[in-house]
Amino acid sequence: MTTSQIAFLKGHGTENDFVIVPDPDNAIDLPASLVAGLCDRRAGIGGDGVLHVVRSAAHPEARVMADDAEWFMDYRNADGSVAEMCGNGVRVFARYLQHVGAVEEGDLAVATRGGVKKVHLAKNGDITVSMGRALLPGDGVTVTVGDRSWDTRNVNMGNPHAIAFVDDLAHAGDLFSEPSFAPAAVYPDGVNIEFVVDRGPRHVAMRVHERGSGETRSCGTGACAVAVAAARRDAADPAETGVPVTYTVDLPGGTLVITERPDGEIEMTGAAVIVAEGTIDPAWFDTVDGQRPKR
C-alpha cells in the first residue's frame with residue numbers, strides 16, 4: 001500500500017460525523033496527531049472522530065471477539081485518544097459495511113472496545129444497535145457551568161456519562177471546553193457530560209460535551225445514558241415494572257429512539273449516512289507534525 005492509495009469516507013449519524021478509514025488487514029497505524037489532523041475541520045477532512053475499519057482477526061485488541069464479529073470498530077476521538085464505544089459511530093460503521101457490499105440488510109455483529117454490539121439494518125434505512133446494559137456505579141459528581149451547579153447521575157454505557165437535568169439547555173454554556181465537575185476522582189479518565197430538558201412524556205432533549213471532542217451534534221451512548229437516567233427519575237425502571245420503556249431523545253443533529261427492556265438490554269434506533277469518499281493527498285501528511293501512517 002502506498003500513501004496515495006489510502007482511502008477515506010465521510011459519514012454521519014444524526015450529524016455526529018466521522019472520518020472512515022478502511023483498513024481490513026490493520027496495515028495502517030494511526031498516531032494520535034494524525035487522527036487529530038484528519039478530524040480538524042479547517043486543515044483536515046473534519047469529524048467528531050475516526051472509524052478505523054479493521055477485521056477483528058487482524059487487530060490485537062479484537063482477536064478474542066473474532067469468532068463473534070468479523071469487523072472491529074477501532075474508534076478514536078477527535079483529539080486522537082482511543083475510546084471504548086460510540087453509538088452513532090457503530091451505526092455509521094454498519095452503513096459503511098453495507099455501502100461497500102460487505103453486509104446486507106438484516107443482522108450484523110460489530111466488535112468494539114466496549115464488547116460485541118448487535119446491529120440490525122432495516123429496509124427503511126434505520127439502523128438499530130443493541131447497546132448492551134447500562135451500569136449505574138452510584139457515585140455521581142456535581143457539574144458546574146458559570147454560577148449554576150447540578151448533581152448528576154452516573155451512567156456507564158461502556159464509556160462514562162454524567163447526566164444533569166436542567167431547566168434550559170442554554171444553561172450548559174457554549175461547551176467549547178469541558179464543564180468543571182467534582183470530585184474529579186469519580187472519572188479519572190474523563191467523562192461525557194449531558195445536559196437534559198423535558199419536552200413531553202417520555203420525550204427529552206439534550207446537549208453533550210464528549211470527552212476528547214467537545215460539544216458534538218449527537219452522541220449515541222449519551223442518548224442511551226440519558227434515557228436510562230430519565231427512566232430512573234420517572235420511576236419507570238423496566239427491571240422493576242417488567243415493561244419496556246422507550247424515550248425519544250432530541251439532539252442538535254436529529255432524533256434517536258431509545259428502548260430499555262426488562263432484562264436491561266438497550267436498543268438505539270436512528271439514521272446513518274455516507275456523505276463522500278475519496279483518497280487522501282499524500283502531500284497532506286507532511287503538514288501534520290510530519291506524521292505519515294505507518295505500515
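Reader: Which side chain makes a polar contact with the side chain of Asp 17 at 2.7 Å?

Author: A polar contact is a pair of N or O atoms within 3.5 Å; within protein, one must be able to donate a hydrogen and the other to accept it, and residues adjacent in sequence count only if both atoms are side-chain atoms. Here the partner of Asp 17 is Arg 41, at 2.7 Å. This is a predicted model, where local features need pLDDT of at least 70, side-chain atom pairs count only at pLDDT 80 or more, and totals for chains, interfaces and linings use all residues. Residues are numbered from 1 along each chain as its sequence is written, and side-chain values use heavy atoms, with hydrogens and water left out.

Reader: Which salt bridges does Asp 17 form with Lys 10 and Arg 41?

Author: In a salt bridge, a side-chain nitrogen of Lys or Arg lies within 4 Å of a carboxyl oxygen of Asp or Glu. Asp 17 meets Arg 41 this way at 2.7 Å, N to O. That pair links distant parts of the chain, 24 residues apart: Asp 17 in strand β2 and Arg 41 in the loop between α1 (32-39) and β3 (49-55). Strands (E, at least two residues) and helices (H or I, at least four) are DSSP runs, numbered from the N terminus. Asp 17 also bridges to Lys 10, at 3.3 Å. Lys 10, Asp 17, Arg 41 and Asp 48 are linked in a network of salt bridges.
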